[in-house]
Amino acid sequence: MSASPSLSSLPHIVTTLRAAGCVFAEDEARLLLSTARTPDDLATMVDRRVRGLPLEHVLGWADFCGLRVAVDPGVFVPRPRTQFLIAQAAALARPGAVVVDLCCGSGAMGLALAAAVDGVELHAVDIDPAAVRCARRNLTAAGGHVHEGDLYEPLPATLRGRVDLLIASAPYVPTGAIGLLPPEARVHEPRVALDGGADGLDIVRRVIAEAPPWLAPGGHLLVETSERQAAPTAEALARAGLVSRVTGSAELDATAVIGARRAGAGA
Ligand SMILES: C[S@@+](CC[C@H](N)C(=O)[O-])C[C@H]1O[C@@H](n2cnc3c(N)ncnc32)[C@H](O)[C@@H]1O
């Protein structure tokens, strides 16, 4: 059996990561050291990081809302800014709420909301089989149901009119801006997780237009977007008959648009 990696290798790893351009080399080195099981494992991890894989894909997990979320290779890495939307959703939730996480990726958002609110009934959807497998790993223990397919299509019909919180961080990068993303995203995350069409809102508009029949009276739809896309996103919510508001955090560079179904509204 190989010994655990020794802390004495830390300075060498920091130097190696720094030379490869890792800005937070010391933090990353400590995370790699604490995750690797053997010196060989550590060497492989450092090599993968030096070759440009996202840190979370190398570690196999990401920290999201204080939880350790498994993130498989080829699955979108949950971003710190998305924690803002979870805080907004948690503030609107009641115990036992029915929650749907559309475009769930690893399932990080649903997992965090289920940890913050007692007794939620959680459903998550993704179109990408790799994301679905990863989300199942993360959500099954929390009692979540993960469905594979296009937006609302795979959801059980019994959820219609019952969803208290619909949360979505769908792809919202305009096609023409994909080439400007850092290589960690552009090369190592799937196109289906990033590309939102010409203005970035193709999938977001579908999420919004098809939401009302699923929402419970008084239910909410929370969509992550960018500051620039907030106004057209809010307009799409209004067109769907939802009462919309835009909120954000400069600290997290986060923008969320929240739509509410009026308590007395028909589907
Ligand atoms: C930006 S990632 C966000 C993942 C996750 N919500 C998070 O914040 O970590 C968008 C996700 O949407 C999924 N997706 C793209 N188009 C979809 C569609 N039509 N139906 C369901 N999921 C879709 C992608 O596979 C990807 O996992």
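Biologist: Which residues in α2 meet which ones in α3?

Modeller: Glu28, Leu32, Leu33 and Thr35 in α2 meet Leu42, Met45, Val46 and Arg49 in α3, where contact means heavy atoms within 4.5 Å and helices are DSSP runs (H or I, at least four residues) numbered from the N terminus. This is a predicted model, in which local features need pLDDT of at least 70 and side-chain atom pairs count only at pLDDT 80 or more, while totals for chains, interfaces and linings use all residues. Residues are numbered from 1 along each chain as its sequence is written, and side-chain values use heavy atoms, with hydrogens and water left out.

Biologist: And how do the residues of that contact divide?

Modeller: The contact of α2 with α3 has 5 nonpolar, 1 polar and 2 charged residues, counting Ala, Val, Leu, Ile, Met, Phe, Trp, Tyr, Cys and Pro as nonpolar, Asp, Glu, Lys and Arg as charged, and the others, Gly among them, as polar.

Biologist: At what angle do α2 and α3 pack?

Modeller: About 145 degrees, with the axes of α2 and α3 (residues 39-50) 9 Å apart; axes are lines fitted to C-alpha atoms, for helices over the stretch in contact, and angles run from 0 to 180 degrees between N-to-C directions.

Biologist: OK, what about α1 and α2?

Modeller: Helix α1 (residues 10-19) and helix α2 (residues 25-35) pack at about 125 degrees, and their axes are 9 Å apart. That angle makes α1 oblique to α2, since under 35 degrees counts as roughly parallel, over 145 as roughly antiparallel, 65 to 115 as roughly perpendicular and the rest as oblique.

Biologist: Who meets whom there, in α1 and α2?

Modeller: Leu10, Ile13, Val14, Leu17 and Arg18 are the α1 residues, and they meet Ala25, Glu26, Glu28, Ala29, Arg30, Leu32 and Leu33 in α2. By class, this contact has 8 nonpolar, no polar and 4 charged residues.

Biologist: How do α10 and α11 cross?

Modeller: The axes of α10 (residues 202-209) and α11 (residues 230-239) come within 9 Å and cross at roughly 25 degrees, and α10 and α11 are therefore roughly parallel to each other. Val204, Arg205 and Ile208 in α10 meet Thr233, Ala236, Leu237 and Arg239 in α11.

Biologist: Switching topic, which residues come nearest to the ligand?

Modeller: Of the 17 residues around the ligand, Cys103, Asp126, Asp150, Leu151 and Ala193 come nearest, and a residue is listed as near if one of its heavy atoms lies within 4 Å.

Biologist: What lies 2.8 Å from a nitrogen atom of the ligand?

Modeller: A backbone N or O atom of Cys103 does, and an N or O atom in the side chain of Asp150 is also 2.8 Å from a ligand nitrogen atom. For Leu151, a backbone N or O atom lies 3.0 Å from a nitrogen atom of the ligand.

Technical notes. Helices (H or I, at least four residues) and strands (E, at least two) are DSSP runs, numbered from the N terminus. A polar contact is a pair of N or O atoms within 3.5 Å; within protein, one must be able to donate a hydrogen and the other to accept it, and residues adjacent in sequence count only if both atoms are side-chain atoms.
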